[in-house]
Amino acid sequence: MANRQSSSELSKFGELKNRLLFLLGALIVFRIGAHIPVPGVDAVALAKLYESASSGMLGMLNMFSGGSLERFSIFAIGIMPYISASIIVQLASEIFPSLKALKKEGEAGRRVITKYTRYGTVLLAVFQSFGVATFVYQQNIVVAPQFEFFASTIICLVTGTMFLMWLGEQITERGIGNGISLIIAAGIAAGIPAGISKLLTLTSQGSMSMLAAVAIVIGALLLVYIVVVFESAQRKIPVHYAKRQVGSSRFVQGQATHMPFKLNMAGVIPPIFASSIIMFPATILGLFGATNTDSWLHKTAAVLQHGQPIYILLFAATIIFFCYFYTALVFSPREMAENLKKSGAFVPGIRPGEQTSKYLEKVVLRLTFFGALYITIICLIPEFLTTAVNVPFYLGGTSLLILVVVTMDFSTQIASYRMTQQYEHLMKRSDMKSLSRK
């Protein structure tokens with residue numbers, strides 16, 4: 001009996017170990033791909049070009065791609081086309097009745113929506129990779145014929161994006177946590193050592209004072225602490241279960257519990273979506289308007305650059321919009337009120353049904369307002385500090401928020417998985433004891 005129990009424990013933790021090893025292997029593959037360059041480009045000239053413009057939009061794009069853009073690797077455009085396609089499909093599913101009906105068809109409808117998202121990813125990746133190829137070719141750093149360079153670049157970049165999309169789905173299914181979020185977080189984390197090295201280099205060369213460098217480090221740690229506090233914040237709504245009859249003669253005593261509502265119910269989705277929405281047109285305008293500095297394309301792209309007032313206003317507005325939009329997608333007050341009513345539960349002082357739905361909607365809207373305000377402030381503080389301290393490389397609150405939130409979600413996923421495995425183990429032991437008694 002003891003041997004059977006120990007073998008069950010080993011298999012339980014063995015499955016968790018296999019999932020973690022799969023996740024580690026997938027992230028290693030991602031980092032290897034980030035160092036495989038697209039053929040036909042002078043690497044030395046590309047490094048000089050990136051160094052001269054790493055503090056603007058290119059720095060943000062490079063951060064989200066895990067340094068792939070700096071090396072012009074096969075993952076140079078990263079997972080952003082997939083995220084942009086997801087935004088478009090989700091918005092369309094709230095507008096068009098046919099797509100809205102698909103969402104209600106369960107697994108079959110979800111597969112159709114996923115197929116549309118993949119098609120959109122391919123289209124956006126082709127368009128974006130063509131823009132990147134055009135920009136690189138205009139910089140006179142290409143050592144291959146034009147047609148050959150454009151064809152190989154578009155094929156490599158689109159294939160890289162589709163591979164990252166597939167890899168993220170595999171991590172979600174066979175690993176732990178959300179695969180797309182973990183890939184983005186891994187790319188951001190990969191840039192931390194380079195950022196620290198650049199900060200030390202600037203300090204040693206006298207380009208930045210020691211006080212400013214220490215202030216940046218302390219400010220980053222303080223922001224991490226604030227994010228952890230706010231992400232752990234919850235609004236607990238009391239819920240009472242009425243006394244009910246089970247069977248013909250058994251009564252179950254009423255219980256008092258609570259429903260936890262997070263302050264930030266949308267997670268890191270709003271800043272990721274907002275960055276994707278702003279970066280895509282700004283990048284395309286900048287790529288096609290790079291040759292003519294007097295064109296309206298170049299001027300519009302300059303207005304949308306990192307640190308500009310228009311960029312900051314648009315970034316804040318899109319974060320707030322997606323906080324409300326994504327919360328509305330994942331939470332339905334009416335549905336939750338109906339579930340509470342069916343299970344015989346009620347909120348003290350609130351009538352079940354429609355009144356409960358209105359009450360929950362009011363609570364969620366209030367929480368979303370403060371959550372959106374918190375996310376916007378966290379994402380914009382480094383924007384202002386970068387301008388004030390004159391940091392010559394990209395320093396974003398979005399990257400910090402993604403890192404902290406994804407790490408917290410990952411630890412929660414592991415704890416939840418272990419708890420589920422322990423529960424299943426206890427249920428098996430209970431069933432075995434019942435069988436042995438019989």
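**Entry 1: α5 and α14**

I started with a helix pair and found that α5 passes α14 in a left-handed crossing. Left-handed here means that the near helix is turned anticlockwise from the far one by less than a right angle, while clockwise would be right-handed. The model is predicted, so I kept its limits in mind: local features need pLDDT of at least 70, side-chain atom pairs count only at pLDDT 80 or more, and totals for chains, interfaces and linings use all residues. Residues are numbered from 1 along each chain as its sequence is written, and side-chain values use heavy atoms, with hydrogens and water left out.

I then looked up the geometry. Helix α5 covers residues 80–95 and helix α14 covers residues 309–330; their axes come within 12 Å and cross at roughly 65 degrees. The axes are lines fitted to C-alpha atoms, for helices over the stretch in contact, with angles from 0 to 180 degrees between N-to-C directions.

Which residues in α5 and α14 meet? From α5 I noted Ile-87, Gln-90, Leu-91 and Glu-94; from α14, Phe-321, Phe-322, Phe-325, Tyr-326 and Leu-329. By class, this contact has seven nonpolar, one polar and one charged residues. Nonpolar covers Ala, Val, Leu, Ile, Met, Phe, Trp, Tyr, Cys and Pro; charged covers Asp, Glu, Lys and Arg; the others, Gly among them, are polar.

**Entry 2: whole protein**

I counted 17 helices and five strands. These are DSSP runs numbered from the N terminus: helices are H or I with at least four residues, strands E with at least two. Of the 438 residues, 42% count as buried. Buried means under 20% relative accessible area, exposed over 50%, partly exposed in between (1.4 Å probe, protein chains only). Among contacts with a separation of 6 or more, 74% come from residues 24 or more positions apart. Contact means heavy atoms within 4.5 Å.

Is Ile-83 buried or exposed? Ile-83 counts as buried because its relative accessibility is 4%. Beyond neighbours within four places in sequence, Ile-83 is in contact with Ile-180, Ile-184, Ile-272, Phe-273 and Ser-276. Ser-276 is 193 residues from Ile-83 in sequence, yet the two are 7.1 Å apart, C-alpha to C-alpha.

Next I checked Thr-121, in helix α7 (residues 107–138). Thr-121 is buried, at 0% relative accessible area. Not counting residues up to four places away, Thr-121 touches Pro-81, Tyr-82, Ala-85, Thr-161, Met-162 and Met-165.

**Entry 3: aromatic rings**

I found 14 aromatic pairs. Rings of Phe, Tyr and Trp (its six-membered ring) pair if their centres lie within 6.5 Å; planes under 30 degrees apart are stacked, over 60 edge-to-face, the rest tilted. I picked out Phe-163 and Trp-166: their centres are 5.8 Å apart and their planes at 35 degrees, so the pair is tilted. Both lie in helix α8 (residues 146–174), and because they are three residues apart, about one helical turn separates them. Phe-163 is partly exposed at 30% relative accessibility. Trp-166 is also partly exposed, at 43%.

I also noted one aromatic cluster, formed by Phe-72, Phe-130, Tyr-137, Phe-149 and Phe-150. Last, the charged end of Arg-31 sits over the ring of Phe-30, 5.5 Å from its centre. For that, NZ of Lys or CZ of Arg must be within 6 Å of the ring centre and within 35 degrees of the ring normal.
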